[in-house]
Amino acid sequence: MEKLAENKIIEDLLPQKFGKQGQIWVACLLAVCALGFYAYCRQLYYGLEVTALRDYASWGIYISNFVFFVAISLVGSLITAVLRLTDVHWSTPLTRIAEIIAVSAIAFAGLIIIVDMGRPDRFYNLFLHGRLQSPIIWDVIVITTYLFISLLLLYFPLLPDLKIMMGFKERNGKFLQKLYEFLGSFWKNKPEQFKITDKAINILSITIIPVAFAIHTVTSWLFATTYRPGWDSTNFGAYFISGAFLVGAGGVLIAMYVFRSHYKLEKYITDDHFDKMGKVVVLLALIYLYFNINEFLVPAFKMKKAEEEHLMGLFTGEFSPIFWFAISTSMLIPIVILIFKKGRKPKLAFIAGILVVVGSWFKRFLIVTPTLLHPFLPMHDVPKSYTTYFPTWEEWAIAGGSLAGALLVITFFARIFPIIPIHETIIETEHHEKA
Amino acid sequence: MRKHKLIQLIVLVIALVPGILMAQAVEKNSLSLNLKYYNDNNVTHHLLVQAKSKIDGKFQQIPNIPVQFYITSDADKANLLGKGVTNEKGEALIEIPPAAKAEWLKSPNQNFVVVSTATKKFDEGRGELAVTKAKIKVDTAEGRIINAKLVALVDTTWTPIAGVDVIVGVKRLGGILNANETQTYPTDSSGSVTAEFKRDSLPGDQKGNIVLVASVVDNETYGNLTSQLVVPWGTKSVYMTNFDHRTLFARRGHSPIWLEILAYAIVVAVWSVIIFLLVQIKNIKKLGVE
């Protein structure tokens, strides 16, 4: 990074108003959210009948979306905690991007679970009458905990930046100024305050790792503790965590490119960041590929009758186009792109990130639904419509609305707060200058 | 015009001929009705009919056949005992109603008739059965000995019957478990059989009760006769349930203690950290105000 004057850094990194592109982007997201909300109102009024969910495929794209959100949220712990604790400094400009992705994703993971419920008005019963032995209860507890920890991890490093932003009263406007004052008027840049903040961030970085592992392991146990073809695996926890790290890192690649090009942050999110992040994605894709081989090759070698139907459906049957698309786009093609130095240039890395995220969404769908269509004990005289699943427009709209909602949270966050930590960037620049 | 109508008529006939031929091609199968008589513990009597037909060279059980049961003869509709329809095993069953008592008491021998009317696939069927009224009584003697006595009605007197095979055992899962290694016992001149009970460790109910059974099965003269007696010769069964135990698969509030300790300890530990950090925010605030 070039030597940059403090004022220049502040000027570059302060949140900017939406331009025309930004306004169109927000309008599109709001429109998708509104459609999703309308579809959800229809679902509330008519019940789950408006969906394609039936006795066989009782978990469709809502739960696929939930698993996807939980997965992508894991990136917060990877970039913020793992890289911070291992003293990797190049990730500093990416920490806030990773954290806001984590916060918005985990918040919508919780929401999408409620959407999947036929009677959301009974949600409170989960807390009143929850069964401690059930992984569903663990998931509720761990998601809530992870959301709180992620919010704190977002908030503590933001405090010095709030102080900086409060200095631009006219630029901020009344509402934003009040918001900044509410959140950080007490921050006076005192050494004692920095000491407490640093300590808190370190504690959070240590705490978030087991919680993040727990959230995804518990989510995998929602499936693995159920005796069904495709889910009956001891490998599921590690398989889910590796996949979660991959999709999260892919998401960061996309966000890096979008913020860099939209806010002209080329001096802060450099080609070197893409290069390093690209290497991380390759490593994670290879690990996830390894777990996929384990997950499919071992049962395919034994080919037990019930597993055979499920696996052949994925390899050569009705789900094979999605399966091979997901495997190729989430792992194989990104590896091929990012393994070369030229592939780790921003534009190609961005494309690889998109492939990873899109492929990973379909991968979650393949984990959830095909298994449900092949139960060990099929229903007697099962209606033909139960044996297939294709989401209705309401399901697509709600799932799309939730994805748009998560993007909207990230977009508004970037409008209100600096997406790259200003204070940390200044400190690191000073360190560079001294060195 | 006439020629045109003639062509229409020919086309119509050609179109109908295959249907007519097909209709003629359907052949009905003959139906066999096998009737059986049961005397249950000298209290109730029932009749069972088995409907069978030879299809593709094999006898098959025929379901959904409507049947009518008669006592003595089917010539008089007053003798109708009842109606039934064969189930998926080709069987229909009827209890002999109290209304048939007068007819039953007329003679020591009794005829029964079962008839079925013709259906689309099967001809009408008919089955007859003649039985001599008999009864069997099971009893016990000291030393876990089972006695059974078979008597038949000769004129107006219940007379012991010799040389009839009797199964003596214990009622178990819908069948009869032999009392010892011997399968059947022929009745002696006094109509009696004696069997030693050797099933010492047989599980009974909560009081140790088991049901002794003496039975004559498919006898040509007497039909099926059964007598039962409850005796406390089994071992007591204690009802065991782990419904209220703390297990991973138990209901809410019954999770294993180790799981509760572990789960709550983790939750408390992590949330203590979160609360500690919230307190740190308060401390930062304090420092800012000072």
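**Entry 1: burial**

Before anything else I wrote down my cut-offs: buried means under 20% relative accessible area, exposed means over 50%, and partly exposed is in between, using a 1.4 Å probe and protein chains only. Helices (H or I, at least four residues) and strands (E, at least two) are DSSP runs, numbered from the N terminus.

I'm working on a predicted model, where local features need pLDDT of at least 70, side-chain atom pairs count only at pLDDT 80 or more, and totals for chains, interfaces and linings use all residues. Residues are numbered from 1 along each chain as its sequence is written, chains are lettered from A and ligands numbered from 1 in the order in which they are written, and side-chain values use heavy atoms, with hydrogens and water left out.

I looked up helix α8 of chain A (residues 158-166) to see how many of its residues are buried. It turns out that 8 of the 9 are, so the helix is largely enclosed by the rest of the structure. I listed the buried ones: A:L158, A:L159, A:P160, A:D161, A:L162, A:I164, A:M165 and A:M166.

**Entry 2: salt bridges**

A:D161 made me curious about charges. My rule for a salt bridge is a side-chain nitrogen of Lys or Arg within 4 Å of a carboxyl oxygen of Asp or Glu. Over all chains, I get 20 of them.

Which residue does A:D161 form a salt bridge with? I found A:R96, with the closest N and O atoms 2.7 Å apart. A:D161 is in helix α8 and A:R96 in helix α5 (residues 92-116) of chain A, so the pair ties together parts 65 residues apart in sequence. A:D161 has 0% relative accessibility and counts as buried; A:R96 is buried too, at 3%.

Next I checked A:D12 and A:K8, whose side chains meet in a salt bridge at 3.2 Å, N to O. Both lie in helix α1 (residues 6-13) of chain A, 4 residues apart, about one turn of the helix. An α-helix has 3.6 residues a turn, so residues three or four places apart point the same way. A:D12 counts as buried at 16%, while A:K8 is partly exposed at 37%.

B:R144 sits in the loop between β9 (134-141) and β10 (145-154), B:D200 in the loop between β15 (192-196) and β16 (210-219), and they are 56 residues apart. B:R144 is partly exposed at 30%, and B:D200 is exposed at 53%.

I also found a network of salt bridges linking A:D275, A:K279, A:K341 and A:R344.

**Entry 3: rings**

Rings of Phe, Tyr and Trp (its six-membered ring) pair if their centres lie within 6.5 Å; planes under 30 degrees apart are stacked, over 60 edge-to-face, and the rest tilted. I get 41 aromatic pairs over all chains.

One of them is A:Y227 with A:F376, a tilted pair at 4.7 Å centre to centre and 35° between the planes. A:Y227 is in the loop between α10 (191-224) and α11 (236-262), and A:F376 in the loop between α15 (346-372) and α16 (393-416), 149 residues apart. A:Y227 is exposed at 59%, and A:F376 is partly exposed at 33%.

I then looked at A:F236 and A:F240: their ring centres are 5.1 Å apart and their planes at 35°, so this pair is tilted. They are 4 residues apart in helix α11, about one helical turn, and both are buried.

**Entry 4: where the chains touch**

Contact means heavy atoms within 4.5 Å. I see 30 residues of chain A in contact with 29 of chain B. Buried area is the accessible area (1.4 Å probe) that two parts lose on being put together, summed over both; here it is about 2,300 Å², 78% of it on carbon and sulfur atoms. In chain A, A:L132, A:Q133 and A:F186 lose the most area to chain B, together 26% of what that side buries.

How many salt bridges are there between chain A and chain B? I count 0. The largest share of chain A's side, 10 residues, comes from α10(A).
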